[in-house]
Amino acid sequence: MKRTVLTLSLVSALALFSCKEKASTKINAENVEVAAERDTAAKSLPVISFDKSEHDFGAIEQGTPQETIFTFTNTGDAPLIITDAKSSCGCTVPEFPKNTPIAPGETGQMLVKFNGSGQNQVTKTITVTANTAKGSEILRIQAFVNPKGAPGAAIPLKK
């Protein structure tokens with residue numbers, strides 16, 4: 001019995017210690033360089049910079065369609081991809097280059113259409129979702145909507 005335990009212990013120790021090789025001899029320098037480049041590229045992110053974050057259409061008549069363009073630039077280090085743009089209601093529709101890579105330094109445009117619905121002061125938001133560090137940006141449009149055909153429609157006074 002002692003002989004069996006001793007033999008098993010000796011075989012186990014031999015198997016355990018004979019498989020040890022220096023791990024550093026198995027490292028491929030080329031793979032390390034590729035991994036370092038990949039990690040550096042992963043840290044590079046696009047940054048979306050808009051020429052304006054708000055647009056005021058002023059006083060408009062109810063039901064009068066309006067449009068504005070938000071111009072943006074990729075000021076980051078990686079291609080910018082806008083995956084979605086949603087408005088706060090169905091009366092505002094954004095049109096944008098969906099899933100189209102925009103290289104660093106390049107510009108693009110987002111057309112925002114507003115159908116002129118509502119009354120008095122109206123403010124709508126557009127949430128732009130992209131592959132930036134922040135993940136999303138908020139744009140705003142506003143207008144003072146006068147009732148259709150109202151005589152002497154009120155124009156808002158700015159203070």
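**Labels and their cut-offs**

Guide: The protein chain exposes about 10800 Å², with 57% of it supplied by carbon and sulfur atoms. Accessible areas come from the Shrake-Rupley method with a 1.4 Å probe, and for residues only the protein chains shown count as cover. This is a predicted model: local features need pLDDT of at least 70 and side-chain atom pairs pLDDT 80 or more, while totals for chains, interfaces and linings use all residues. Residues are numbered from 1 along each chain as its sequence is written, and side-chain values use heavy atoms, leaving out hydrogens and water.

Visitor: What makes up the secondary structure of the protein chain?
Guide: Two helices and eight strands. They are DSSP runs, numbered from the N terminus: helices are H or I with at least four residues, strands E with at least two. The order from the N terminus is α-α-β-β-β-β-β-β-β-β.

Visitor: Why is the pair of phenylalanine 57 and phenylalanine 114 called stacked?
Guide: Rings of Phe, Tyr and Trp (its six-membered ring) pair if their centres lie within 6.5 Å, and planes under 30 degrees apart count as stacked, over 60 as edge-to-face, the rest as tilted. The count comes to two aromatic pairs. In this one, phenylalanine 57 and phenylalanine 114 stand 6.2 Å centre to centre with 15 degrees between the planes, so the pair is stacked. Phenylalanine 57 is in strand S2 (residues 54-61) and phenylalanine 114 in strand S6 (residues 107-114), 57 residues apart.

Visitor: Are phenylalanine 57 and phenylalanine 114 buried or exposed?
Guide: Both are buried. Buried means under 20% relative accessible area, exposed over 50%, partly exposed in between (1.4 Å probe, protein chains only).
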